[in-house]
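Hi,

Here is the structure I promised to pass on to you. Have a look at it first, and then read my notes below.

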Amino acid sequence: MTLHTVLPLAAASSATSVVAATNPFNGVGPDLNWLGGGFNSVWVGALGGFLGLCLIVLAFVFVKALVGLRHARNTKKPQEAEHAIGVLIGTGLGIAGVILAPVLFVAITNAASQGA
């Protein structure tokens, strides 16, 4: 037995109202000037180098797991093949995360700075 609540259409539409409010965080952003003038150019380059290094390491692990999967399938070792597939999935997700994290960060900060 199911119990359903039925609201008239007029009552449902009058119950929902949108309240316009101002954003209390308008214009708020990270201020890293207290760390020095050249800090912005240094940390952007360091973060880019770190992400590039992560991509290189993940690509190496991905190729190594791909070769391991090929070898395990050729020698008919299902446990090793299953492990290699797990490593492939993990490194694939890691590569996607390293690529998508800065893209999402830039998209969110641009949307926030434009007031969207």
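A word on terms first: helices (H or I, at least four residues) and strands (E, at least two) are DSSP runs, numbered from the N terminus. Thr91 has its place in helix α3.

Please keep in mind that this is a predicted model, where local features need pLDDT of at least 70 and side-chain atom pairs count only at pLDDT 80 or more, while totals for chains, interfaces and linings use all residues. Residues are numbered from 1 along each chain as its sequence is written, and side-chain values use heavy atoms, with hydrogens and water left out.

Is Thr91 buried or exposed? With a relative accessible area of 7%, Thr91 is buried (under 20%; exposed is over 50% and partly exposed in between, with a 1.4 Å probe and protein chains only). Not counting residues up to four places away in sequence, Thr91 touches Leu58, Val61 and Phe62; contact means heavy atoms within 4.5 Å.

The largest nonpolar core has six residues: Ala65, Leu69, Ala72, Ala81, Ala84 and Leu88.

Enjoy exploring!

Key
Core = buried A, V, L, I, M, F, W, Y, C linked by side-chain atoms within 4.5 Å.
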